[in-house]
Amino acid sequence: MSTEEKQLYSVSIYTENNIGLLNRISAIFQRRHINIESLNTSPSEIEGVSKFTIVVNMSEVNIKKILGQIEKQVEVIKSYYHSLDDIIYQIAGLFKIKSELLFEERQIQNIIKESNARIVTVNKDFFVLEKSGKKEEIVELYNKLSPFGIMQYTRSGLIAVTKEEMKISSLLESYNN
Amino acid sequence: MDTQTIKSQKKSIKTTERISGSEAIVRCLIEEGVDILYGYPGGAIMPVYDELYKYQDKIHHVLTRHEQGATHSAQGYARISGRVGVAMATSGPGATNLITGIADAQIDSTPMVCITGQVPSHLLGSDAFQETDIVGISTPVTKWNCQVTRAEDIPEVLAKAFYIAKSGRPGPVLIDITKDAQFNEFDFSYEKCTHVRSYKPVPETDVSKVEEAAKLINAAKKPLIVWGQGIILGEAEEQLKAVVEKAGIPAAWTILGASAIPTSHPLNVGMVGMHGNYAPNILTNECDVLIAIGMRFDDRVTGSLNTYAKQAKVIHFEIDPAEIDKNVKTDVAVLGNSKVSLDLLLPLLEQNSHNEWHQKFKDLYEIEYEKVIKNDLYPTKEGLTMAEVLKEINIQSEGKAAIVSDVGQHQMIACRYADFNVTKSNITSGGLGTMGFGLPAAIGAKMAAPDREVVSISGDGGYQMTIQELGTIFQQKAAVKVVVLNNDFLGMVRQWQQLFFDKRYASTEMVNPNFVAIAEGYYIKARKVTKREDLAEAVAEMMQSKEAYFLEVCVEKEDNVFPMIPSGASVSDIRLE
């Protein structure tokens with residue numbers, strides 16, 4: 001694929017946990033008019049270090065420039081970009097559906113079984129389905145459930161680990177010395 | 001005892017004393033060696049001003065007439081001295097008025113620390129009186145910013161602020177401090193910051209990249225150096241000169257690089273960019289190796305990127321990795337501090353003179369001289385030109401003055417025609433193009449370097465954007481020489497209207513006040529020149545004045561600045577008329 005062609009990239013940003021950093025990072029995308037497809041922040045494998053996982057659709061040439069701008073931020077330790085082929089990732093989807101459908105619409109039960117979705121909770125009014133996987137799998141489930149009526153639907157940001165090693169711990173160590 | 005042991009001992013016997021947050025702020029500034037700061041008081045910063053009153057024998061606060069002026073003065077201070085400029089303001093409008101100066105310092109890599117007062121922490125987010133989210137507002141235009149809500153955090157945060165502002169590629173830092181943090185007491189001790197875990201200010205220079213660069217340079221038949229402010233910020237003037245002289249490479253400068261090598265140096269071939277010199281622009285598209293040092297390929301330098309130096313191998317010496325390949329694809333990138341990199345490069349270079357290649361620059365200079373420079377410096381028409389004024393200033397100052405320009409035609413003329421024989425002599429708003437920058441920046445420059453002659457050169461437009469700082473000049477007795485080149489137009493915009501908008505002069509004509517009377521209203525000696533025969537004598541009188549002096553020169557109304565690369569055109573399509 002040419003470096004000019006757009007594709008989905010997952011950007012992993014290791015940072016000091018700091019108020020306002022999200023603002024700083026999102027501003028970098030905003031300046032270049034790049035839509036953030038999904039965003040997740042969480043602690044990382046290193047204590048006191050946070051990790052942003054941001055998915056964007058852009059060319060490799062431009063993502064390199066963006067990474068330069070991101071790494072320039074004082075509280076950013078390191079950032080990496082990967083195509084979706086180079087990472088193991090999951091997205092979670094939640095579906096809130098009327099409980100009566102579970103019993104009235106036989107087919108829903110089949111859909112749940114086939115999709116490997118999990119029932120998180122059931123009460124007399126509604127039940128909640130959780131499905132983790134690739135975006136297409138969750139969208140597929142959505143499309144199947146949609147005709148029956150979905151009360152609420154939401155999808156999480158992408159979270160990922162890379163296939164290759166990320167040398168962030170040793171990097172941090174070298175920074176400390 | 002060696003200094004190292006003293007240092008480590010000092011660290012271990014850290015004494016503490018109980019003081020207020022506001023006193024701590026002033027003590028931190030003193031610890032950082034701040035002798036002058038610029039600002040404007042107001043409700044949320046009053047505790048700090050109260051302490052500044054107590055410490056006035058150690059630190060001098062300059063009351064500017066607008067917070068924007070405080071930032072530009074701090075910038076002028078930083079640009080002429082290489083030290084961190086400091087500006088202070090209250091919350092709300094005080095803080096938002098700093099933003100233009102902060103953005104200017106960000107794009108021009110000027111070390112500056114801004115301190116703003118903020119409403120008490122329990123009122124944050126409640127739309128309290130003079131509350132504004134200045135940390136949010138300043139985020140995109142600061143190198144770093146931080147809000148402090150606890151007094152005990154003040155020393156560490158301020159130490160970090162100064163370290164970040166000055167180290168690596170410098171920039172502005174804003175620290176917002178709530179009023180309760182200013183009032184609360186804590187056990188104060190101060191330790192300078194020398195390290196931030198996630199921040200690597202200077203990338204290591206890869207020797208193999210320097211060798212690659214040297215190989216390309218040694219093999220080059222038509223090498224061209226374009227240097228930027230990275231030379232001045234990295235204090236690599238001597239190194240650059242040595243490289244240029246040893247390898248015999250014609251060297252051109254960006255607007256912010258001006259003065260790093262004297263104008264009179266035979267290998268200094270002038271300014272690149274939109275209104276730069278003819279030869280370095282044309283020959284950018286003819287050189288075989290383009291050596292960019294501490295510059296960032298701004299669009300005003302490159303014109304159209306599609307036709308910029310496509311024939312050349314590009315070597316980029318740069319401290320900021322984000323600049324590599326940002327605008328121009330680089331063949332060899334040498335990361336690191338310019339001084340270190342050039343020191344490594346020098347012994348690897350072969351002696352050369354490139355006489356034939358250098359002759360091309362001379363030939364093209366002759367063309368520019370005939371078509372443009374001669375008419376600018378020795379006009380045959382009646383009206384005065386801006387360049388004539390610069391010529392007189394050069395003569396009177398022997399090219400040693402620091403020229404602080406504003407933004408517009410006069411700025412381009414000042415950069416083109418001023419003799420820069422001392423480094424850090426061209427103080428101007430390059431990246432942001434901030435009209436109103438000049439006058440307050442000149443105040444800061446003069447106060448940071450009182451022994452230097454500082455000449456502020458503005459147009460009639462930009463001058464009136466911060467004209468109130470004449471009050472600061474008067475109150476501080478700052479001996480700034482203030483020149484206004486008055487053409488009763490927003491000249492640069494008018495030039496574009498003439499060239500690209502069929503002479504529709506929309507809102508560019510200015511009906512101006514009596515500038516001399518205004519200066520005199522501030523008790524500043526003032527004079528107006530309208531005729532050529534009076535110019536030399538008036539400039540001489542100004543330069544000989546021991547105190548501030550205002551000189552208005554009425555110049556030709558509709559002169560244009562040439563050469564010019566039309567916006568979006570190629571550097572080699574530079575126009576001489």
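Q: Which residues of α18(B) are buried?
A: This is a predicted model, to begin with. In α18(B) the buried residues are B:Q409, B:H410, B:Q411, B:M412, B:I413, B:A414, B:C415, B:R416 and B:Y417.

Q: How many of the helix's residues is that?
A: Nine of the nine. Helix α18 of chain B covers residues 409-417, and because every one of the nine is buried, the helix is largely enclosed by the rest of the structure.

Q: What about helix α4 of chain A, how many buried residues there?
A: One, among its 10 residues. That helix, residues 106-115 of chain A, is hardly covered.

Q: And what follows α4(A)?
A: A:N116 does. Its phi is positive, near 60 degrees.

Q: Switching to cores. Which residues touch the most other members in the largest nonpolar one?
A: B:A87, B:V113 and B:I175. The core has 176 residues.

Q: Which helix gives this core its largest share?
A: Helix α8 of chain B, residues 154-166. It supplies eight residues.

Q: What does B:I175 touch?
A: Leaving out residues up to four places away in sequence, B:I175 touches B:V113, B:I115, B:C146, B:V148, B:V157, B:L158 and B:A161.

Q: What is in the second core?
A: That one is separate and has 29 residues. A:I25, A:I54, A:L141 and A:L158 are included.

Q: Why would such residues sit together?
A: In soluble globular proteins, nonpolar side chains tend to be buried together.

Q: OK, chain A. How many helices and strands?
A: Six helices and nine strands. The C-alpha trace of chain A spans about 65 × 40 × 30 Å along its principal axes. Of the 177 residues in chain A, 24% are buried.

Q: What share of its contacts links residues 24 or more positions apart?
A: In chain A it's 75%, taken over contacts with a separation of 6 or more.

Q: What's the strand order in the open sheet of four strands?
A: β2-β3-β1-β4, in chain A. The pairing is antiparallel.

Q: Which strands stand at the edges?
A: β2 (36-43) and β4 (76-83) of chain A. Each has a single partner strand, so one side of each is left without a neighbour in the sheet. From one strand to the next, the twist averages 20 degrees.

Q: How many bridges join β2(A) to β3?
A: Seven. β3 of chain A is residues 49-59, and the two strands run antiparallel. A:S38 stands opposite A:V55 in β3(A).

Q: Which helices pack on that sheet?
A: Helix α1 of chain A, residues 21-31, touches β1 (6-16), β2 and β3 of chain A. Its direction makes about 155 degrees with that of β2(A). Helix α2 of chain A, residues 60-72, touches β1, β3 and β4 of chain A. The direction of α2 makes about 165 degrees with that of β4(A).

Q: Back to chain B. How do α4 and α6 cross?
A: At roughly 25 degrees. The axes of α4 (residues 67-81) and α6 (residues 99-107) of chain B come within 7 Å. That makes α4(B) roughly parallel to α6(B).

Q: Which residues make the contact?
A: From α4(B), B:Q68, B:T71, B:H72 and B:Q75. From α6(B), B:T100, B:G101, B:I102, B:D104 and B:A105. By class, this contact of α4(B) with α6(B) has two nonpolar, six polar and one charged residues.

Terms used
Residues numbered from 1 in each chain as written. Chains lettered and ligands numbered in written order. Predicted model: local features only at pLDDT ≥ 70, side-chain atom pairs only at ≥ 80, totals over all residues. Axes fitted to C-alpha atoms, helices over the stretch in contact; angles between N-to-C directions. Parallel < 35°, antiparallel > 145°, perpendicular 65-115°, else oblique. Contact = placed C-beta atoms within 7 Å. Nonpolar A, V, L, I, M, F, W, Y, C, P; charged D, E, K, R; others polar. Pairing = 2+ DSSP bridges. Core = buried A, V, L, I, M, F, W, Y, C linked by C-beta atoms within 7 Å. Buried ≥ 20, exposed ≤ 12 C-beta atoms within 10 Å, placed from the backbone.
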